[in-house]
Amino acid sequence: MSAESPGPSGRIHNWRLRFRAWRGSRPFWAGLLTLLGGVPIAYFPYANLTVGQLTIRMATTAGAGSLVIGVLLMVLGLTMWYQSVARVFAGVAAIMLAIVSLVVSNIGGFLMGFLLALVGGGLAISWAPSGGRAGQRSAGHGDDPREDGGAAPEPAVAGAGGLADDESKNGRHRAG
């Protein structure tokens, strides 16, 4: 093995760096928690618990509903990973399915699946991509009109007729 070859540790390091970059560009933890929240919701209605000679079956009449909710939560977790544009929809859907699972699926997979899906959905809604265009604008990369000598736009002041500018005449309004 030569000094220039990366070897196994170099490959692992490169994989870790690529995984870290992939994980940072999407709501990873939200997807993971939502995915893990679907497992107990789908599993417990079909599970058999054996205590000594006694077998306890958790099956309910809503077992199919529990399976559907659990599978949908798993799909929403994967959607958060691979289609991060739809993260808000997936987060709201995960929260709604978690609430429905309280009634349908053994108290939401004995609260484990409910809490995981609820936190995952909340994280998906609140996640924002890091670095992108907003980060460049705040760093001042020429997007600020005051940098090139131009004056910053002044707030509109209402005139005598109550109309501030051309936009208010056309029926468009601005906040702030």
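How much of the chain over residues 110–128 is helix, how much is strand, and how far apart are the end C-alpha atoms? Over residues 110–128 the chain is 84% helix and 0% strand, with the end C-alpha atoms 31 Å apart. This is a predicted model, in which local features need pLDDT of at least 70 and side-chain atom pairs count only at pLDDT 80 or more, while totals for chains, interfaces and linings use all residues. Residues are numbered from 1 along each chain as its sequence is written, and side-chain values use heavy atoms, leaving out hydrogens and water.

An unreviewed UniProt entry lists residues 28–46, 58–78, 85–104 and 110–128 under "transmembrane region"; such annotations may be inferred rather than shown by experiment, and their positions are given in the numbering used here, with feature names shortened. Over residues 28–46 the chain is 84% helix and 0% strand, and the end C-alpha atoms lie 29 Å apart. Helices (H or I, at least four residues) and strands (E, at least two) are DSSP runs, numbered from the N terminus.

Consider helix H3 next. H3 has 20 residues and reaches 29 Å from its first C-alpha to its last, close to the 28 Å expected at 1.5 Å a residue; the expected span is 1.5 Å times one less than the number of residues. Among the buried residues of H3 are Ser66, Ile69, Leu73, Leu76 and Met80, where buried means under 20% relative accessible area and exposed over 50%, with partly exposed in between (1.4 Å probe, protein chains only). Seen down the axis of H3, its buried residues fall within an arc of 150 degrees, so they line one face of the helix. The arc is that of the directions from the helix axis to the C-beta atoms. The face turned away from the buried side of H3 carries the exposed residues Ala64 and Tyr82.

The largest nonpolar core has 14 residues, and those with the most contacts inside it include Ile69, Leu73 and Leu97. Such a core is a set of buried Ala, Val, Leu, Ile, Met, Phe, Trp, Tyr and Cys residues joined through side-chain atoms within 4.5 Å. Helices H2, H3, H4 and H6 each give two or more residues to this core, and the largest share, five residues, comes from H4.

Thr34 is found in helix H2. Thr34 is buried, with a relative accessible area of 0%. Leaving aside neighbours within four places in sequence, Thr34 is in contact (heavy atoms within 4.5 Å) with residues including Leu73, Ala94 and Leu116.
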